[in-house]
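Take a look at the protein shown here.

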Amino acid sequence: MQQSNRLKWGITLCLLLLLMVVLGACGNAASTNEKTGTNDPSGLSKTVAMREYTDASGNKISIPVNPQRVVTTQYLDAMLALGVKPAGAASHLLEGDYLKGKIDGVADIGNPTNVEKVLELQPDLIITTEYTTPEVKEQLEKIAPTVVVSFGEGDVFKQLRNVAAVLGKDKEAEQWIANLDKKAAEGRKKLAGKFKKDETVTIYMAYDKNVLRVYGARNVGHVIYRSLELNPPEYIRQKLAKDPKFNYVYDVISMEKLPELSGDRIIMLVYDEASKDGMLREIEQSALWRNLPAVKNHKVYFIKADPWFTYSPLAVDQSLDEAVKMFSVDPK
């Protein structure tokens with residue numbers, strides 16, 4: 001009898017030891033896996049794979065390997081180009097007609113950022129820029145991992161690649177850029193013979209009541225000088241020669257500069273109705289403008305801010321289509 005009891009206790013003890021070993025192994029596995037536990041909308045706990053990322057501000061941040069609900073203060077367009085629709089985006093990004101049909105369901109987080117609205121969206125990742133104020137950024141970091149992607153440094157391709165690096169969409173970014181390069185080459189072929197060899201194009205923007213800008217190869221200039229490889233006037237050519245990263249955007253100029261800076265053709269971006277009734281009207285009423293060779297030869301092209309003014313992948317893509325169409329016929 002005693003021997004039987006000793007046998008039972010021995011078996012029980014072995015089972016307890018085995019259970020402790022199994023539980024200990026499970027605990028060790030959980031502690032060494034680079035994952036974090038979160039709650040899904042149903043309230044059930046789930047595990048999310050994380051990775052370390054160093055953003056444009058130099059901060060090392062733990063971000064989701066496969067983010068599901070992303071909020072952005074700037075890169076809506078780039079995310080859409082990569083096949084990712086954000087949960088929320090800043091107000092000014094949602095206003096462009098060129099994105100109609102592509103942004104249904106994207107929540108408006110305001111501009112400046114409405115932190116409470118961002119919190120309501122329960123993002124697992126936030127992508128912002130260096131222009132977000134420290135106070136807002138600190139609040140966003142309490143909601144979800146917040147990554148800074150530089151908007152001011154580098155061109156639209158660099159921005160796209162940087163956003164792709166955060167989202168794990170590097171292949172998609174390279175494919176998108178390759179497709180645009182192919183379209184640009186086709187555009188140059190279509191326009192072959194439309195331009196003389198040394199013919200120059202100047203890009204102006206009339207803004208509000210008294211602002212006149214001349215553009216380089218960023219923003220509206222990207223399509224003209226880079227995609228279609230048209231010749232800038234000498235002033236812009238010298239600027240671009242010193243700007244390999246395409247950070248130069250524009251100069252604000254006086255109307256007195258028009259004779260010096262205007263090329264054989266002129267593109268005039270009219271920002272809005274206030275600009276049409278203000279700065280543009282003043283320009284067109286001046287003798288300086290009327291005596292320009294491009295004006296006399298009827299080689300002035302008027303364009304709108306949407307999509308030309310926006311410096312982002314899908315806007316550049318549509319602007320390229322419009323540019324090829326525009327230059328295929330003589331301006332009116």
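## Val 163 in helix H5

Val 163 sits in helix H5, which spans residues 156-167. This is a predicted model. Is Val 163 buried or exposed? Val 163 has a relative accessible area of 0%. That is under the 20% cut-off, so Val 163 counts as buried.

Which residues touch Val 163, beyond its neighbours within four places in sequence? They are Tyr 75, Ala 78, Met 79, Leu 82, Ile 127 and Val 149. Take Ile 127 from that list. Ile 127 and Val 163 are 36 residues apart along the chain, yet 8.1 Å separates their C-alpha atoms.

## The whole protein

The protein has 332 residues, and 45% of them count as buried. It contains 14 helices and 13 strands. Consider the contacts with a separation of 6 or more: 60% of these join residues 24 or more positions apart.

## One side of helix H10

Helix H10 runs over residues 273-284. Its buried residues are Ser 275, Gly 278, Met 279, Leu 280 and Ile 283. They cover an arc of only 150° around the axis, so they lie on the same side of H10. An α-helix has 3.6 residues a turn, so residues three or four places apart point the same way.

What covers the buried residues of H10? The cover includes the strands S9 (201-207), S10, S12 (265-270) and S13 (300-304). It also includes the helices H9 (258-261) and H11 (287-290). At the start of H10, a side-chain oxygen of Asp 272 comes to within 3.3 Å of the backbone nitrogen of Ala 274.

## Two nonpolar cores

The largest nonpolar core has 86 residues. Ile 224 and Phe 327 have the most contacts inside it. Helix H14 (residues 313-327) gives this core its largest share, eight residues. A second, separate core has ten residues, among them Ile 109, Leu 121, Ile 126 and Leu 140. In soluble globular proteins, nonpolar side chains tend to be buried together.

Now look at Ile 224. Leave out residues up to four places away in sequence. Ile 224 then touches Val 201, Ile 203, Glu 229, Leu 230, Ile 267, Trp 308, Ala 323 and Phe 327.

## Aromatic pairs

How many aromatic pairs does the structure hold? There are six. One of them joins Tyr 271 and Phe 309, with ring centres 5.2 Å apart. Their planes meet at 80°, so this pair is edge-to-face. Tyr 271 lies in the loop between S12 and H10, and Phe 309 in the loop between helix H13 (305-308) and H14. The pair therefore ties together parts that are 38 residues apart in sequence. Tyr 271 is partly exposed, at 29% relative accessibility. Phe 309 is partly exposed as well, at 23%.

Tyr 301 and Phe 327 form another edge-to-face pair, with 4.9 Å from centre to centre and 75° between the planes. Tyr 301 is in strand S13 and Phe 327 in helix H14, so this pair ties together parts 26 residues apart in sequence. Both Tyr 301 and Phe 327 are buried. Ring pairs also link Phe 195, Tyr 301 and Phe 327 into a cluster.

## Asn 219 in a loop

Asn 219 is in the loop between strand S10 (211-215) and helix H7 (221-227). Its relative accessible area is 15%, so Asn 219 is buried. Beyond its neighbours within four places in sequence, Asn 219 contacts Val 249, Trp 308, Phe 309 and Tyr 311.

Key
Residues numbered from 1 in each chain as written. Predicted model: local features only at pLDDT ≥ 70, side-chain atom pairs only at ≥ 80, totals over all residues. Heavy atoms only, no water. Helix = DSSP H or I, 4+ residues; strand = E, 2+ residues; numbered from the N terminus. Buried < 20%, exposed > 50% of the residue type's maximum accessible area, 1.4 Å probe, protein only. Contact = heavy atoms within 4.5 Å. Arc of directions from axis to C-beta. Polar contact = N/O pair within 3.5 Å; in protein donor to acceptor, adjacent residues only side chain to side chain. Core = buried A, V, L, I, M, F, W, Y, C linked by side-chain atoms within 4.5 Å. Phe/Tyr/Trp six-rings, centres within 6.5 Å; stacked < 30°, edge-to-face > 60°.
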